[in-house]
Amino acid sequence: MGFLPNGTFVMASIAYASALGLLSMGLSLTFVTTRIANFAHATIGMIGAFVLTLLVDRVYYTGPSYQIFITAPVLSFLLAGAFAVFMYIVIMKPLADRGNGVTELMIATFAVDIILINILSYLLNAIRGVHIPKLIGLNVSSWDARIHCCGVILQASYIVLPIAAILLTLAFHFFLTKTKFGVAMRATIENPDLAEVMGVNTNMVYTVSWFISGGLAGVAGSLLAFSLKDTSPNDSALIIVSVFAGSIVGGLSHVYWGLIGGFIVGLMEKLGTGLLDNFYNQLLAPALGWTSFSMINYEKLMSLGLVVVILLFAPEGLAGVDWGKYLRKIKRRW
Amino acid sequence: MNIEFWIFSDTWLILVLSYFIVTLSLNLEAGYTGIPNFGKALFVFMGAWAAQGIGIRLAALFMQHYDPKDSSLLVERLNSMLGQNYHSLVEAAGSTEANRIVAPHIYDFLFAHPALDITLFIVILLVTLGLAAAMGLIASYAALRLREEYLAILLLSFSELVVMVIFNQTDSLNGGPKGLWAVEFYPDNRLFALILGAVISLLVFIYAERLGNSPMGRTMRAVRDDEVAAGVFGRDVAMTRLKVIMISSMIAALAGLVYIEAKPSAQTLTFNRVIWTFFPWAFLILGGMANNKGAIVGVLVFMVLKRFVEFYVPQMAAGHSAAIQMLAAYLSNIIVGLLILLVLYFRPQGVLPEKPSKTMDLDVVLEETK
């Protein structure tokens, strides 16, 4: 079984998939509450990467430290959440109130995306003192602590990211089910008009949902930055494709399915491409005499293929699939 | 040819002409039919690819066929110069190392044989249209029947991944990130691009005006305003969308052809989503959706403003600190983004709002049907 990938690669894939899951969950959350497909979501996540880069550059420049795994996510959550709230209250809500349609709101998020990318790039370069308008990031991965475990060397962020994803999802679930505000939020998602009649401040619910969405993106971005080659806000241009893929696989209008969809897309992109690459280059190509070629660079195409298949055969996403039917079928077989 | 008036140059003019074409095509989709096409860059790139990766190889094939002696000599010289082992001129023209050396020789061959030159131009025009239509079909098919968000996301994903992943990382298709040199059809390539751009944008404008006022145009508006009602009246919503996407993809690809003729050495990442998707949207929103004159006005106003910002802001920043000088480089994109938000807030219908479609006078219709 020489084509199986090693432990480091598997952990890296799981970490990437967890980050995508968090991002897709946030995207689905704002889509469910305010019906805005936010094309700036990945760039809001890059605020987290920006925070991490600054922390490494100014505070933790001496070397790897575990403290950064507390400070960076917390700061990123607050900052990215604050930006998302700003974006909703100052830009998206006034535009929606003036009767702009779905397409106009999408192009507005597109505009916010471009403004934010340019502001972040400028700040990153200006603060770090690189006075060339060129998007040179900082390779922060060498500031990630290394863990020697079970015969493999892991970056600490590979372990922190899945743990953070699980903790944040549990906290979000607790918030939705056990607090009064969470119940109000679920009611608003189900039926905004009825919730408003029952005395729920829907506007507040929308604002909080944007805060949570931005915060989750910020945490994912700050921890994902450890495994990006060169942290630059422009990375979001390709990340957003995977994030949308995750949300569509989950069904675009179900928050938890968004998390699962993002996780599946992340695993497919990293682990799926890695397995396929190993299988082709180590088993198939030598056996049949075909020329070998590396598929690792084309990993993003996995998510595109998955989205096309999902849209063609299950446009409602995995959430729309009647799982009970299949379960019953399996039970009957047995 | 070199035009210079004040701060505007011929390259600026050609860019404006290609933006006319793209924005008019986007207007057919977004303005008339309500298709949020966020993947315009892909279709523009198809036109560039037809002249770059495909065009230069076709031209090399022509040269190899009609001038075998010279081309084998050229390949021999190349092999000894670069230490490579090219078997044919086509292979050399398509490789990243030899392309820049071979291309001028191929241009000279084409300029010396006008009949071949014109044939090649027509072939590449057809390739452009065919590629763009096929790409439009592939990129939109899965989401034609779904809500518009899905279509927007799918088109955006296709555009990003095809241009930034497939073409940027595969050297054999279009020379990887640097891109192959495009084939030139006339010694003064910018004059050629200028005339081509002017002719195509005029034709596209006339076509778009006529289409907008035809029964098809009214079907498009019906699909945009209420797809259920359009379906009830027997119009095939998905088919209408597909037709419009394929037609306007073909038009957008022509813009790519015009642009690449003016700038044959353009890199693959020139066709990114900011320049070829976001800017046309900005022009359209500023000018007014579903109004072809509005699209033209939008392009002109925006491009003139942008040129001023690009030209004068660095001058203003010149005396100041390095941080401010650097801000100038990012400023033009930030201003475009802010302008879109402001237009959407203060004048969502744009400078020139949509007019009711022209229909025939009732008296004339009654007279003719008698």
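In this predicted model, the buried residues of helix H14 of chain B are B:Asn292, B:Gly294, B:Ala295, B:Ile296, B:Gly298, B:Val299 and B:Phe302. A buried residue has 20 or more other C-beta atoms, placed from the backbone, within 10 Å of its own. Helices are DSSP runs (H or I, at least four residues), numbered from the N terminus. The cover over these buried residues includes helices H1 (10-33), H9 (189-212) and H13 (273-287) of chain B. H14(B) spans residues 292-317. Its 26 residues reach 37 Å from first C-alpha to last, close to the 38 Å expected at 1.5 Å a residue. The expected span is 1.5 Å times one less than the number of residues.

Chain B also meets chain A. Here 39 residues of chain B are in contact with 40 residues of chain A. Contact requires C-beta atoms, placed from the backbone, within 7 Å. On the chain B side, H7 (148-169), H13 and H15 (322-346) each supply at least two residues. H15(B) gives the largest share, 14 residues.

Confidence was examined for chain A. Its average pLDDT (the predictor's confidence in each residue, from 0 to 100) is 88, and 96% of the residues score at least 70. Over residues 131-136 of chain A, pLDDT stays under 50. Where pLDDT is low, the predicted coordinates should not be read in detail.

Residues are numbered from 1 along each chain as its sequence is written, and chains are lettered from A and ligands numbered from 1 in the order in which they are written. In this predicted model, local features need pLDDT of at least 70 and side-chain atom pairs count only at pLDDT 80 or more, while totals for chains, interfaces and linings use all residues.

Technical notes
Two residues are in contact if their C-beta atoms, placed from the backbone, lie within 7 Å. A residue is buried if 20 or more other C-beta atoms lie within 10 Å of its own, exposed if 12 or fewer, and partly exposed in between; C-beta atoms are placed from the backbone.
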